[in-house]
Every structure is written in structure tokens, then in C-alpha cells.
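This briefing walks through one protein chain, part by part. Please keep the sequence and the 3D view open while reading.

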Amino acid sequence: MQTLRSSSLALARRALGAQLPLHRLTAGTCKALRSSSAVCQLPGAGRAGAGRGEAFSTQGSRSLATASRALPRAAAVEAPSAGAAAQQASNGGGSAAAGVPTFQEAIARLQTYWASVGCAMWLPHNTEVGAGTMNPATFLRVLGPEPWNVAYAEPSIRPDDSRYGDNPNRVQRHTQFQVILKPDPGNPQELYLGSLEALGIDTRAHDVRFVEDNWESPVLGAWGLGWEVWLDGMEVTQFTYFQQAGGKVLEVPSVEITYGLERILMSLQGAKHFKDIQYAPGVTYGEMFLQNEYEMSVYNLDEADVEGQRKRFELYNEEARRMLAKRLPVPAYDHLLKLSHTFNLLDARGAVGVTERANCFATMRSLAREITGLWLARREEQGYPLGLVQPAVEPPAAAVAGPHSAEPASFVLEIGSEELPPDDVVAAMEQLRDRVPALLDRLRLGHGGVTVEGTPRRLAVMVHELAARQSNSAENVRGPPAKVAYAATGEASPALLGFCKKNGVTVEDCFNEADAKGVEYVWAEVKQVGRCAAEVLTDELPALVGGLSFKKSMRWRPDAAFSRPLRWLLALHGDTVLPFSYAGLQAGATTRLLRNADAPEQQVPSADAYLAVLQHGHISLGLVARKQAIWGHVTAAAAGVGGVVPDSARGGLLEEVSNLVESPTVVLGGFDPAFLALPREVLVMVMRKHQRYFPVYKHQSDELLPYFITVANGAVDLPTVQAGNEAVLRARFEDAQFFYSNDLTTPLRDARPRLAGTVFQKDLGSLLDKSSRVEALVPALGDAAGLGDAVPVAAQAGHLCKADLATSMVTEMTALAGTMGRHYALKEGLPPAVAEAIFESVLPRNAGDLLPQTPAGLLVSVADKLDSLVGLFAAKCAPTATADPYGLRRAAVGLLQALMGSDARLDLGAAVEATAAVQPIGVPAEAKAAVLEFIERRLEQLLVDTGVQVEAVRAALKERGRDAALAARTAREIADEMASGEAGRLYQVMAAMARPVRLTRGKQIDAAWSLDESLLQQDEERALVAAFKAAAAQITPGMSVPAFLAAAEPLIAPLDSYFDKVFVMCEDEAVRRNRLALLRDLAALPAGILDLAELPGF
């Protein structure tokens, strides 16, 4: 492609830009753009107050470009018709359909497009990288205060994705196209959508959605918030606002856009296999790369020498550190990349276990921190050659324009953003529902009903009949003490004058009055005349918006944080605009509709017209109404093919989907019934979790029909979106079929030895070693829990419980661990009880999950979790206050939930001892004690979280904390008794028992002292001894709290009489010892049941 010199380029941009309408380029113009040697600067919408002006300008002498702040939609190019796509597929992708780019043309179009808006073209890196993010053009350049706007294609190597070229949708070397925009230009999503159109994707026809995906790289110590971009259900781009890199919070947040080119081109060209993508005219992707894909897959999965790679890992680490010592961050970073690739090779070979992974990550993360620190220092030493990012230009202060109505009027506030995560929509709505009425009351603004609604792109507050002005107020305000308010001459002191000035009163307005303590103060009645509501709210709304909080907030500019970037604000009281400013935006009367609407921005003439404007733009604002509409259309679509969507989908899935769209369009799709041969759990996981589809079931059955239902956003071309989603699901099911078929060739017993290649923890051996320990531990736990009959089945399940971790399906979808183990076990003909115990060994996997239901499954689950806890504590891998890399808190909670759910009695002390005995390393006493304390703390929190009073929990744990099921039952029984109050028997027994406890506490009472009834001198002593013996005879180790109280209640009257008549600390030493021994034994009655001293009022 011919290139123009800079002067010609500028002329071309101006010439093209002058002819283009504000919001849409014509198809003919875009065709001319793609065929021309010129690249154009697309014009901006220029909406006042919507952004930061010349976003790419710098304070230094160099400037990359000045980008327009609001890019209009680029030209629409017709997507290939269904017939053309079918013809394309039948031709094996040999030639691209008209208007559809080849692979290399797609790269050229993206380069041309991003160059036209101010990006420099970078080159791929010269060593293996796992993603475009790891090219130093991204990872190092997002650091520091310099502007940086680049785009480049990056071949990305992921050994774990090796499939020998057989899998149609998976390659170990794929091509990403990476874009970095630093600083945020204010309209990156619009810029991105323009790039899709430049590729020939008609965003009016297709369903393009931004779906929450918060990115994190433990290796790089980097994270960001953003989305996956879905094109008809297929993830085609990762869109991220970088927040941190190398452990450094970014001074200037950067936008990262990462395209998956193979996926995009397969969709555009209708190719069903990556090898059929047309790479260039007359050349397919397979002809270019299939041999490379096969041979590198062989190397990555079969031939890479594990020990040699481990040595390389250490050598690259040493060399990177040597470069750091030489103050050379660039070669140090290159060696970190080699280190990362070596790790990826080891991982692909199955040679990295959970704990070894954590150690490798720690090594790479430490290097990344040091490299980024040195890079920043070196750039500063060079005086920041690219200049500095200018501070954001703030909108000018604006007053509320008059005249103002004297009558109440509707009020609307709209907070417009890029797509909010579903949970954040709900959280923000709840906060606004609480805070807006409170704010209006504080501001003395009368109002009618307050309604808060939300969609992924907007939060809306609507107030009916909001007063035009604040109500007047008058209140007495206290000033200085009277004795310092006046001088000896009677004149006002500076303190009084200052008080008067502050409150707008005169000295004559003040009066003296004494407070409750008799101290005389100066007071004044301070009157406030109500201000105009529009003016008051203009002052207050910035704090309201800025005060919203989220689980994870992000910065898109240095001085603002929100769930996702804010892009517009609307505030109207009647027809009066409230021009408050926040995060570089100024509120106006403009809202935004769907991005692919003919007019994406619409003026709202008044607050009363707001809903009508949205409805006319097909925006469904109400969450409840949106959910009802979606559910109604989903169930109708399922009924149309003779199926149902179960009510269980009305929970989390419907909630999430309803907050992923603001203009829902239900789309029914189908898939090849042959895929129903796959395990149902696999199909459902792919549809519900990965794709957010509603699976369709047969009536009154758990069997699936070959249909699914998805919800698109906006008025899309239904056949196009249906076909796209069907293609995505087919690709995912083909992946699953590939893994499943591969797994069925190897029984679990034969897959199990492969666990030897995966290190669990360097001191504790491999996953195979762990599996053997679980199997060995089962008999001891069975005996301790009284479940000896279940041991044979549990031992067989324990032998195979980790085997599915070596299968392809679980390697790909780790959440199916246990599920696939059960499935494969049944396929092999193993006993159903063994298969079920294999599944239950992983339970519970998370909060609210299933719990083991069979004794064998319980034993294997408990054995596995105890092995992790005891072994890792002994290996000094216990969690810290801020980190739990091995998930031991989750393991402890799962262990306790399993025991409590089955009401299984297990002495955890004995269980820890048995577990320590099978460990390959010594487990010192302090490690065992630490494990038990760790488990007990989790048990306390679990019980408190279920609503049991903390005092009841602690009273139970003090005596029964080593038996989770018994402790839980005891805590609930104590709480039930506490509910009866002071008149209840618990408090009566506690009050009576408190006296012997207090009297014996701290006294030296020899354990050898025993009660001698011959030394009893008073009738009250004898009565108490008789009552004590009767109670003690009823006490048993596992008795319930109510049973204990029933046994102890007869002691109340004898104890009261005893302490009224008997002097315990008498002079006769033998009698005194006898009385103390009796009280000691009385105080010990609740031992092993509950600790009364932990209860309130003891």
C-alpha cells in the first residue's frame, strides 16, 4: 500500500473529513477509504462538555496526534449473506466473499484505521509472548506519565492451546492485534466500533456487546477492569482499562484493545476450521501455518524436556537479575518473557502443580516489579522523551440558567457510563434509593415519589413533584460562653463578633441561655431563606455521583473513580438544566441511546419527557419490567420448539442477562442434536456459564433439546445474530467433543499416573502423591467418624478422585472436576457408589454448593481437604492476613460444611494426627495446633454468618470446637435457650453456676482433693452434694444443651441455700478443702458441653 507524506495526509484528512456527516460515513466513502492510499482523520461530534478536548496532546515537544473526541460510526459494509457464507464454507475458505477481508487485509485495515486516529504502528516482539499485552510496547509503555498511542499485530504463543492442528478453533500460535491509547481519548468504545466497521462488520446487523471481564496477570503483577467484546456471542476482543502493571499503580490509566484475529476472520469468512481462513488471495491459513502448528504442538505437549525447561527457568531468572544489576530494564524484561514462556511450556507438559505454580508466579512477579521500577527510573533520567500527558481540561463552571419555575416539577438525573457489570448496576441502584431521599430531606426539598432504575449504560433517578425551592428554616445556634462573649466594658468580644459574622446575625440578635449544666452561652436564631432547588442540587450532585461505591472501582483519568468510565451526565428539573460537573463532564439535557441508532444522542426537552425519549429509542429502563419481558419471551421461544426453560434460570442467569442489555431482543438458536451425546453438565456449563444462554429442556425432564435462547441488545438482524451464535456454540461444542473423545480412549486408572508430572507442592510431591495420601487416609477417618462400612467404597474413590484432573475436558474446564470423574467412572462400568464418591470428593466447590450426601463421598472429601491443610501448614504455606494462594480458607470452610451438612461426628484433633502421619514431611506440634486453630476460626465465622449469636458460638466452641457437627448443633441450641431471656432456664442455671466458678477461679485447688462426705457439717452441704450427684449421673459427653439444662436445673435451689448458709473458706483446713473440691466439681459440670463464662451476664 502506498503511503502519503505527512502534508498530503493532513490534506486528505481535511478533504475527506469536510465531506462526512456528523454521525455516519457512507458505505461508498468507506470503500474509497479502504481502496485509497490515504488514511482519513474521522471527524468528531464535538458535543460540549463530553470530554477532555485534545486528548493526545503533551506538554513536551513531541506529540503523537490529536484525536477527535467522539468518533462517528464508520461506514457499514454488508456482512456476507447466509448463502454467501455457506458457499464460502463449501469452498473451504479458498476465497473471501466480496467486501470480506483476507487475514492480511484485516491487519492492513486495522493498521490504516488506527493510524488515521493518531496511533503509531509498532512491530511484533522478537521473542515469544503469550499475548500482545506482554510486548514491551504495552507492558512497559503504559507506565509513567508519557503519552503513548500505538497499534501492532502480535503473534502470541500459548503452548497449552496446542492441538496438533486438529481442533478447528484452537491454535498454539494465534495473532492478536493490540491497541494502546494513553491517555483515554474519551471515546475509546466508539473508536473500537469504528474499527469493526472498517473490517466489514455491520454493527447495525450484528449484536455487539461489552460483557464484564476483569483482567489480571499474576505473572506481571498487572490488572485492569473492562470487558470481553462479544460479536453475536463470540468473544472477539479484550477491552481493558489498565490500572496497574508490575505492581505499580499507573499514573495515567491506559486503554488496551486486543483483537483475536483468527476468531474474527473465521466469523467474517464463514470458515469452520482455522486452516480454511483465507490468509491472502489464493493462500489459506492452513497452507501458511499448519505444519508449524503441528510440529510446535508436538514439541509443546510431547517433546519439550521438562528438566531442561526447569533449568532454563532458573537460568533466565539469573540473567534477568544480572541485567537488573546492570540497570538495563529492556534486556531484563526480555528474559522475563523467556521465563514466562518456559513456564508456559512446563504447564503445557503438565509439570506444574498448584503450589509450584504459585512459587513460579512469585518469581516472575518479583522480577516484573523490579523491572518496572527500573524502567520508570530510566525514563525519568532521560527527561521523559515523549513529553508528559497534560492534565485533563475541566469544563468551565456554569450557573443555572433562569428563569426558574415557582411550582414543583419532575427531576431526573442520568449517570451515563460505559457498560457497568451487572452486580454494579444493582449495587448502584440500591445506594441511590437510599441516598437520594436522604439528600432531598437534608436539603429541605419537598418531593413526591423517588424512582431509581438502571441499565448497563445508565443509572437514572426520577423524582416526582420536586419543590422549586428549599423550605425556609430557623434554628437556635449556640455561640461562645457568655463569659468570653463580652468584654468587661460590656462590648462584644472578637469571639462574639466572629460568631455573628459566620451566621449572618447582629450582636443585637443574640441572647444568653444556660445549658443543662448551668453554663451560660450566647445563642442566636439563625434563619435561612430557601434557595432555588436547581442551584442547591447543582452544588450537591457531584458528591452524590462521586460517593457511589463498588466492589471494584477503576480510574480512567487520574482524578476520578467509578465502576466504569462515565461518559455523559443529564440533570433536569422541569426544563431547567442543572449544569453540575464531575469527572470532566458537565451535565446537560442530552441522553444517549443505542450506539447503532440513527441518532445516538438525543436532546431531552424536560424531565417529564425523559422516559418518552428513552422509550422512543427502544431503551427499556426499568429492571423489573426488563426481566419480566425477557422471561416472557424466553419461555415463549422455548414453548415454540416444544420445550421449557426451568424456573431455576430465573435466578442468577436472568438477573445477569437483564443487566447485560438495555434493549432486549430474544433470539432462538439451535445446534446439531448429535452434540446431545456429550455429558449434559458439559453442554449446560458451556451454554449458561460461558455464553449466558438459556438451555431448553424437555417438559418435566432433565434432558436437553437441541436449542438455546440468547438475548441480544437492540434491533439486530435476527438471522445474522442467530447464525453467529449458533456458530459460536458449535465451535465450543466441537472443542468439548474433541476433549471428550480423547478422554474416552483412556480409563481413569490409566490417566491417574499422569498426575505424577504435576507438582502439588515441592515438599509434598505430585498430585499423584496427594491422591495416594487421600486413599491411605480414608480408613483412619472412617474409623474415627464411625463410618467403617463406607471405607471400601471410599478407598476405591480416593484412589481415582484426582484422576480426572489429567483428562482433557477438566484441563479445559476445571469447574467440571469431579463431575467428569463421576461420568467417566460410570462410562467405565465402575460401581455407581464409587462414581458418586468421586464426584462428592470435590464438594462443596463454593458457597451454597452441594454437599456430600454419601458416607464414602464425605470421607474422601474430608480426607482431601485435611491433606491440603495439614501438608501445606507443615510446608510453611499457611495463609497470611492478605494472601491465601493455595485456597486453604476455602478448603477449611468446605471441610466444615461437609461435616456439618452430614452431621458427622469427627474428632478433628484425631483427624489431624492421622493426616500428619501420612505426610511425606514431618508435621511439628505447632503446625498441628495451627491447623486446628485455623479450622476453629473458620467454624466460628461460619456459624456467626448463619445468624447464631457470637456468644453462643464461642460458648460452644470452647468445649466442642474439635467436633464441627456437634459444635454447630450446640451453638444453635444455646442461641435458642438465650432467646428465652433472663427468665429462661439457661440464665437461671448460669446465674447459679457462676458462684462456684467465681469462687474457685484463681485458687490453688489440688486435683487430688476429692469430696469426703464424712466432712460435711451442714444440711445445706448434704443437700447440694445429693443434687450434684444426681445431676452428674445424667451428664454424658455428647448430650444436648437442653438435656444438660434439665439435669442442672435442680441444682439452682440447693446452690442458693448453700451460699446463704455455708462459709466455704472456714478455718478448718480439711473442711475448707472438702468444700472447695465440691465447688470445683460443680463448676466443671458443663465441661465438654458449653462454657458458661462466654455468655453475656455470667
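The model is predicted. The protein is divided into six domains, numbered domain 1 to domain 6. A search of the whole structure finds 0 disulfides, and the largest nonpolar core has 232 residues.

**Domains**

- Domain 1 covers residues 100-303, while domain 2 is made of two stretches, 409-470 and 532-617.
- Domain 3 takes in residues 473-528, and domain 4 takes in 623-743.
- Domain 5 spans 748-946, and domain 6 spans 985-1094.
- Between the C-alpha centres of domain 4 and domain 6 there are 68 Å.

**An open sheet of 5 strands**

- The strand order is β12-β13-β11-β19-β20, with antiparallel pairing, and the sheet is open.
- At the edges are β12 (450-455) and β20 (576-577), each of which pairs on one side only.
- Strand β13 (residues 458-466) pairs with β12 in the antiparallel sense over 6 bridges.
- These two strands, β12 and β13, are joined by a hairpin through 2 residues, and T455 stands opposite R458 in β13.
- β13 also runs antiparallel to β11, with 7 bridges joining the two; L413 has V461 of β13 as its bridge partner.
- Of the 9 residues of β13, 7 are buried, so this strand is largely enclosed by the rest of the structure.
- Helix α15 (residues 533-546) lies across β11 (409-417), β13, β19 (566-573) and β20. The helix runs at about 30 degrees to β11.

**Nonpolar cores**

- In soluble globular proteins, nonpolar side chains tend to be buried together.
- Within the largest core, of 232 residues, W114 and Y259 have the most contacts.
- Helix α27 supplies the largest share of this core, 12 residues.
- A second, separate core has 41 residues, among them V129, W148, Y333 and A351.
- Beyond its neighbours within four places in sequence, W114 is in contact with residues including C119, M121, A151, F177, I257 and Y259.

**L872 in helix α27**

- L872 belongs to helix α27, which runs over residues 855-874.
- Is L872 buried or exposed? L872 has a relative accessible area of 1%, and therefore counts as buried, since the cut-off is under 20%.
- Not counting residues up to four places away in sequence, L872 touches T355, F760, Q761, L764, D867, C877, A878, Y886 and L888.
- L268 is 604 residues away from L872 along the chain, and the C-alpha atoms of the two are separated by 50 Å.

**Cysteines**

- A disulfide is a covalent bond between the sulfur atoms of two cysteines.
- How many disulfides does a search of the whole structure find? The search finds 0.
- C360 is in no disulfide, and the nearest cysteine sulfur, that of C877, is 13 Å away.
- C877 is also one of the residues that L872 touches.
- Why does C360 count as buried? Its relative accessibility is 9%, and buried means under 20%, so C360 falls within the cut-off.
- C532 counts as buried too, because its relative accessibility is 4%.

Key: Residues numbered from 1 in each chain as written. Predicted model: local features only at pLDDT ≥ 70, side-chain atom pairs only at ≥ 80, totals over all residues. Heavy atoms only, no water. Pairing = 2+ DSSP bridges. Helix = DSSP H or I, 4+ residues; strand = E, 2+ residues; numbered from the N terminus. Contact = heavy atoms within 4.5 Å. Axes fitted to C-alpha atoms, helices over the stretch in contact; angles between N-to-C directions. Buried < 20%, exposed > 50% of the residue type's maximum accessible area, 1.4 Å probe, protein only. Core = buried A, V, L, I, M, F, W, Y, C linked by side-chain atoms within 4.5 Å. Disulfide = S-S within 2.5 Å. Domains from an automatic or database assignment.
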